[in-house]
Amino acid sequence: MSFPHRHLLGIEQLSPDAIVTLLDLAERYVDLNRSQNKHSSVLEGLTQINMFFENSTRTQASFEIAGKRLGADVMNMEVRASSISKGETLIDTAMTLNAMQPDLLVVRHPHSGAVDLLAQKVHCAVLNAGDGRHEHPTQALLDTLTIRRSKGRLHRLRIAICGDIAHSRVARSNIMLLGKMENRIRLIGPPTLMPSGIADFGVEVFEDMREGLRDVDVVMMLRLQKERMDGGFIPSEREYFHRFGLDAEKLSHAAPDAIVMHPGPMNRGVEIDGTLADDINRSVIREQVEMGVAVRMAAMELLARNLQASRGAA
Amino acid sequence: MTLDLLFQNAQLINPETGTVGQGALGVKDGQIAEVWQGAAPGETKAAQVVDCAEKHLGPGLVDIGVKVCEPGERHKESFRSAGRAAAAGGVTSIVTRPDTLPAIDSPETLEFVLRRAREATDVRVYPMAALTKGREGREMTEIGFLLDAGAVAFSDGDRVVTNTKVFSRALTYANSLGALVLGHVQEPVLSDGAAVTSGKFASLRGLPGVSPMAERMGLERDLALIEMTGARYHVDQITTAQALGALARAKGALDMTVGTSIHHLTLNALDVADYRTFFKLKPPLRDEEDRLACVEAVGSGAIDIISSMHTPQDEESKRLPFEAAASGAVGVETMLSAALRLYHAGYLELAVLWRAMSLAPAKRLGLPQGRLQAGAPADLVLCDVNAPYTLDRFALQSKSQNTPFDGALMQGKVLATYVAGEKIYERN
């Protein structure tokens, strides 16, 4: 086993070896999750705290189910509503939680780098559930697992990531992960939604969907945040859908067996056509959600093992 | 005549002549009485003789843009602590910023500041005053009264006066009184919310970035306004190659000088690394090419003045996620050591560094210091430019320790600092 990490803060720190280790373990949890008895005792006796400084239903639920299936005591903290409004700093919150002796801390925060900062101050294992525009490692890992199961491999694929790249932590983590696995990555979107310095990322950039999607094996759509739709970054929702929304016609330029992915929640009729999203022959969106639980179980098991090993050594 | 103080066997750094050479220097009544090349004549009498042992002696540094957090945030920096930090850094004159709480925008506040400075420190303190009331960019301050009270220049700190009508009138009025105005050049809307300079690093870290072009836009606007009003103007910090290009076309024709910060000359955007908030500055650190262009501009004289942009911040303002953390770094104590990096790396001569950190700022403010010349104030710094040390931020004299150089290897120590011939600091 090669997963020499205390925290899962980002894809940036992971080697291809560690990524494969995690995905292989996740496969086993896919089987467990599909069986009658979904319970394991890998995290028996451990405490998992989900600390979400930003709204999330799906990711938080996924981490909660993953922890519970592994036998951990799971607690959800709505931090937004409580201490932050009283002026407590992130570090104070972390120190308080640390004193409660959790073993796994799952954190989402609206500021890039906030989860790294918190990880420096606590003694438990920290999982980044999304920090600002920086990283969302479990999302990239679940996307990768979905791709590997669908395509039978994880290298030399043509993968298009489409939409709001600039503000997307999902895009960043995926660019890094899929790049490490030696795939060809294309980014498609309006230039106002491309991050600066993109030319140095080892990717190809397209402003035309049809051109960018030509012969790709995987189409990853990104969510366009509501607040970015009107005038600021794009002229309007309908012009965006016309030029960058994925529909059957645009998808016809991709490889015939190309799969369609979306991290959810979807804006039907903005970045993706509703019918296409539901097409079980092309869309693997629901499978992504399923893989999410398995990947998070695998990540938590690996970190818990390392945590226990380090405690044993101490 | 018996001198009060005689420095023997010194390497004299003379920014006016641009030379460094063996010499001696005599002090009488707080002023430089005589400067000799080689040894002082044998019959020279002095009450006290300092053998410099071939170490470097130059004019004390004049630092434009030091933030002392009085009034309002004395826990971050007081005149006493700022003065100690300056003295330890070889800085003998600090030109203080008005971006305090409240802003220094009335003669009464300015008098308070001067009184505090007199009580608390031996370093010379020259306060700047706000250009607009409350630094809000709406109404000009009482520029005339503030000048009478001792303001040496006018600035709204890092806030841009966005209303060009207000700014042009303030410039015109200030000009009629011969007052110097400092500008912060940054297109405020484009740079709004930015934590770093845009580019690959910003994108990798997921941090909001601003194009370096925002600085040029801010500069171009101010250049037009100076041309229009004829005002005396100083840009606090130029940090990008783009802005330098725009500057080259305008500088000769206008009454303007250009500054930059020591941090922008010695660090670049990548130093932020894993969200290190002590490297969060305003404007943000730039690419390496920009840094090198600015270093070259100091050499050529396109950039006149280096300052520390000393900005104390307490731990609470910095122990936050990068985007939420406060900007600024302390620098008055480390400016000389940091600048010597540029000397040791072969970019800039000692006399050029002293021109930018001592002579040029003094000249711009109409002050007699910054020179090694008979009649000038005996504000001096004696330093060992080669002595290496590792910087420990908790050893700094400032009340705030937010230095980007914590743990860094530095070369060049201040041995002693003199103001008006009186020793105000000695390394023990």
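This is a predicted model: local features need pLDDT of at least 70, side-chain atom pairs count only at pLDDT 80 or more; totals for chains, interfaces and linings use all residues.
**Entry 1: the parallel sheet of chain B**

I began with strand S10 (residues 124-129) of chain B, which is joined by two bridges to strand S11 (residues 153-155) of chain B, the two running parallel. Helices here are DSSP runs (H or I) of at least four residues, strands are DSSP runs (E) of at least two, and both are numbered from the N terminus. I call two strands paired if DSSP finds at least two bridges between them. Opposite Met128(B) I found Ala153(B) of S11(B).

Residues are numbered from 1 along each chain as its sequence is written, chains are lettered from A and ligands numbered from 1 in the order in which they are written, and side-chain values use heavy atoms, with hydrogens and water left out.

Next I traced the whole sheet in chain B: eight strands form an open sheet with parallel pairing, in the order S8-S9-S10-S11-S12-S15-S16-S17. At its edges I found strand S8 (61-66) and strand S17 (305-307) of chain B, each pairing on one side only. Neighbouring strands in this sheet are turned by 30° against each other on average, direction ignored. For angles, axes are lines fitted to C-alpha atoms (for helices over the stretch in contact), and the values run from 0 to 180 degrees between N-to-C directions.

I then looked at what packs on this sheet. Helix H11 (residues 335-344) of chain B does, touching S8, strand S9 (91-96) and S17 of chain B, and its direction makes about 110° with that of S8(B). Contact means heavy atoms within 4.5 Å.

**Entry 2**

I looked up strand S18 (residues 380-390) of chain B and found eight bridges to strand S19 (residues 409-419) of chain B, running antiparallel. Tyr389(B) has Met410(B) in S19(B) as its bridge partner. S19(B) also pairs in the antiparallel sense with strand S20 (residues 422-426) of chain B, over four bridges. There, Ala416(B) is partnered by Glu426(B) of S20(B). The hairpin of S19(B) and S20(B) has two residues between the strands, and in it Ala420(B) takes a positive phi near 50°.

Then I turned to helices. The axes of helix H7 (residues 241-250) and helix H9 (residues 288-300) of chain B come within 8 Å and cross at roughly 35°. On the H7(B) side the contact is made by Ala241(B), Gln242(B) and Leu244(B), and on the H9(B) side by Asp290(B), Ala293(B), Cys294(B) and Ala297(B).

**Entry 3: where the chains meet**

I counted 21 residues of chain A in contact with 16 residues of chain B. About 1,600 Å² is buried between the two chains, with carbon and sulfur atoms giving 58%. Buried area is the accessible area (1.4 Å probe) that two parts lose on being put together, summed over both. His111(A), Ser112(A) and Ser196(A) supply 27% of the area that chain A buries against chain B, more than any other three residues.

Which residues form a salt bridge between the chains? I found Glu12(A) with Arg205(B), the closest N and O atoms being 3.2 Å apart. The rule asks for a side-chain nitrogen of Lys or Arg within 4 Å of a carboxyl oxygen of Asp or Glu, and it finds one such bridge across this interface.

Helix H3 (90-99), helix H4 (114-119) and helix H6 (169-180) of chain A are the elements that give two or more residues to the side touching chain B. H4(A) gives the largest share, three residues.

**Entry 4: inside chain A**

Four strands of chain A form an open sheet in the order S2-S1-S3-S4, with parallel pairing. Strand S2 (73-78) and strand S4 (125-131) of chain A each have a single partner strand, so one side of each is left without a neighbour in the sheet. The twist averages 15° from one strand to the next.

Strand S1 (residues 47-52) and strand S3 (residues 104-109) of chain A pair in the parallel sense over five bridges, and Gln48(A) stands opposite Leu104(A) in S3(A). Helix H11 (residues 285-313) of chain A lies across S1, S3 and S4 of chain A, at about 145° to S4(A).
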